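Subject: Handover of a structure

Dear colleague,

Please find the structure below, together with its sequence.

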Amino acid sequence: MEAGRIRLSDHLSQQLAADQSIHRDLGRLIHDIATAVKEIALLTSQGALAGVLGNLSSQNVQGETQKKLDVLSDEILIQTFRSGNLVAGIASEENDNFVAFNSERAAFGSYVVLFDPLDGSSNIDVNVSIGTIFSVYRRVSPLGSPVTLDDMLQPGTEQVMAGYVLYGSSTMLVYSSGNGVNGFTLKPSTGEFCLSHANMRMPENGRLYAMNEGNIQECEQGLVRYIQYCQSRENQTGMPYSGRYIGSLVADFHRNLIKGGIYIYPSVPASPEGRLRLLYECNPLAFIAEQAGGLATTGRQRILDIVPAQLHQRVPYYVGSKLMVEKAMSFLG
Ligand code: FBP
């Protein structure tokens with residue numbers, strides 16, 4: 001596969017030909033996602049010129065003030081899934097409840113999609129990289145009937161596809177359907193995603209750590225000692241690691257996927273369960289991390305094994321290079 005020449009659609013046909021277990025519909029679904037995120041990429045790149053910056057007066061179910069771009073991106077993705085016949089229902093960060101598509105066609109959709117339409121909301125207005133995160137499951141309810149909450153509350157191990165889009169200096173789509181991780185870059189001249197990062201592997205170890213250290217006083221002692229270890233000469237490099245925290249999970253994750261590193265959002269008094277949402281932030285990136293040789297845990301439990309109880313439940317999150325996550329866990333005991 002020659003990087004940079006293979007379009008997403010060609011890559012999909014090759015993947016489907018190579019691996020019969022990947023269902024053809026998944027190919028069509030990632031194509032639909034690619035189409036939707038191109039629209040979001042256009043809006044984010046225009047920013048204030050398109051009038052898409054700033055807050056709305058509304059709040060989402062988590063009590064967060066919604067950004068215009070959060071809601072616009074949410075609507076673009078919902079409309080894309082609703083107008084196809086692959087997806088029977090969705091859940092997203094911006095909707096209190098899951099949304100069942102009740103059209104005749106959608107009721108026979110085999111999949112449900114859970115997504116964070118725009119991750120890194122605090123960075124939208126300041127032109128720092130943001131992203132979209134998605135997770136795809138085969139529904140468990142019978143075809144032809146409306147989807148149920150059970151379709152949404154499946155453990156991460158049941159994902160059939162997951163990925164993210166990074167709206168940065170370039171727009172990238174990174175996904176896996178359980179057969180390795182591939183990255184595609186949007187070619188502005190043709191408006192197509194082209195393979196730029198084939199078979200991505202997360203370095204087993206690294207020297208970059210990402211955490212909002214403003215919370216360090218509130219963290220459990222084991223984590224405080226791990227951060228001190230990162231800042232010391234005791235680690236495998238003999239030099240202090242570098243702290244890198246962008247404040248957009250997708251951007252911090254992407255950097256660690258390429259360079260090696262760890263991202264930590266622990267439980268803190270303000271968020272005893274952590275800040276990040278299991279179903280549409282942690283599970284999809286955990287799927288990518290593991291497919292690329294990395295690890296994702298709560299500090300104590302594998303993220304993908306968690307059986308979800310609520311749509312917007314939060315979990316502590318330790319994700320990144322295998323040896324770094326294992327090291328952090330060894331400090332937590
Ligand atoms: P949303 O922006 O989708 O709500 O995501 C959560 C998030 O913004 C992550 O992208 C980021 O890593 C983290 O929260 C930042 O939290 P904090 O501002 O507490 O450091």
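I begin with the second largest cavity, whose lining consists of Leu29, Asp32, Thr80, Phe81, Gly84, Asn85, Leu86 and Val87. Two elements, helix H2 (24-46) and helix H3 (68-83), each give two or more residues to this lining. By class, the lining of the second largest cavity comprises four nonpolar residues, three polar residues and one charged residue. The volume of this second largest cavity is about 30 Å³, and the count of cavities of 30 Å³ or more comes to two. Please bear in mind throughout that this is a predicted model.

The largest pocket holds about 490 Å³ of space. Its lining is made up of 25 residues, and those closest to the pocket centre are Ala41, Thr44, Ser45, Tyr167 and Gly168. Helix H2 supplies the largest share of the lining of the largest pocket, with six residues. Sorted by class, the lining of the largest pocket has eleven nonpolar, twelve polar and two charged residues.

The second largest pocket has a volume of about 380 Å³. It is lined by 26 residues, and Gly120, Ser121, Ser122, Gly247 and Arg275 lie nearest its centre. The elements that give two or more residues to this lining are strand E2 (65-67), E5, E13 and E14. By class, the lining of the second largest pocket divides into six nonpolar, ten polar and ten charged residues.

Which pocket does the ligand sit in? The ligand sits in the second largest pocket. Strand E5 (111-119), strand E13 (262-265) and strand E14 (276-277) are the elements that give two or more residues to the shell around the ligand. Of these, E5 provides the largest share of that shell, namely three residues.

The shell around the ligand has 18 residues, of which Asp119, Tyr245, Leu249, Tyr265 and Arg275 come nearest. Arg275 is also listed among the residues nearest the centre of the second largest pocket. By class, the shell has six nonpolar, five polar and seven charged residues.

Several polar contacts of the ligand may be of use to you when you inspect the site. A polar side-chain atom of aspartate 116 is 2.9 Å from an oxygen atom of the ligand. In asparagine 212, an N or O atom of the side chain is 2.9 Å from an oxygen atom of the ligand. For leucine 249 the backbone is involved, with an N or O atom at 2.8 Å from an oxygen atom of the ligand. On its own the ligand has 470 Å² of accessible area, and the protein covers 89% of that area.

Yours sincerely

Key. Residues are numbered from 1 along each chain as its sequence is written. This is a predicted model: local features need pLDDT of at least 70, side-chain atom pairs count only at pLDDT 80 or more; totals for chains, interfaces and linings use all residues. Side-chain values use heavy atoms; hydrogens and water are left out. A residue is near a molecule or strand if one of its heavy atoms lies within 4 Å of it. A polar contact is a pair of N or O atoms within 3.5 Å; within protein, one must be able to donate a hydrogen and the other to accept it, and residues adjacent in sequence count only if both atoms are side-chain atoms. Accessible areas come from the Shrake-Rupley method with a 1.4 Å probe; for residues, only the protein chains shown count as cover. On a 1 Å grid over the protein atoms alone, a cavity is a set of points where a 1.4 Å probe fits but cannot get out, and a pocket is an open set with protein on both sides within 12 Å along at least five of seven lines; lining residues have an atom within 4 Å of a point. A molecule sits in a cavity or pocket if more than half of its atoms lie within 2 Å of its grid points. Helices (H or I, at least four residues) and strands (E, at least two) are DSSP runs, numbered from the N terminus. Ala, Val, Leu, Ile, Met, Phe, Trp, Tyr, Cys and Pro count as nonpolar, Asp, Glu, Lys and Arg as charged, and the others, Gly among them, as polar. Grid points are joined across faces, edges and corners, and a volume is the space filled by probe spheres set on the points.
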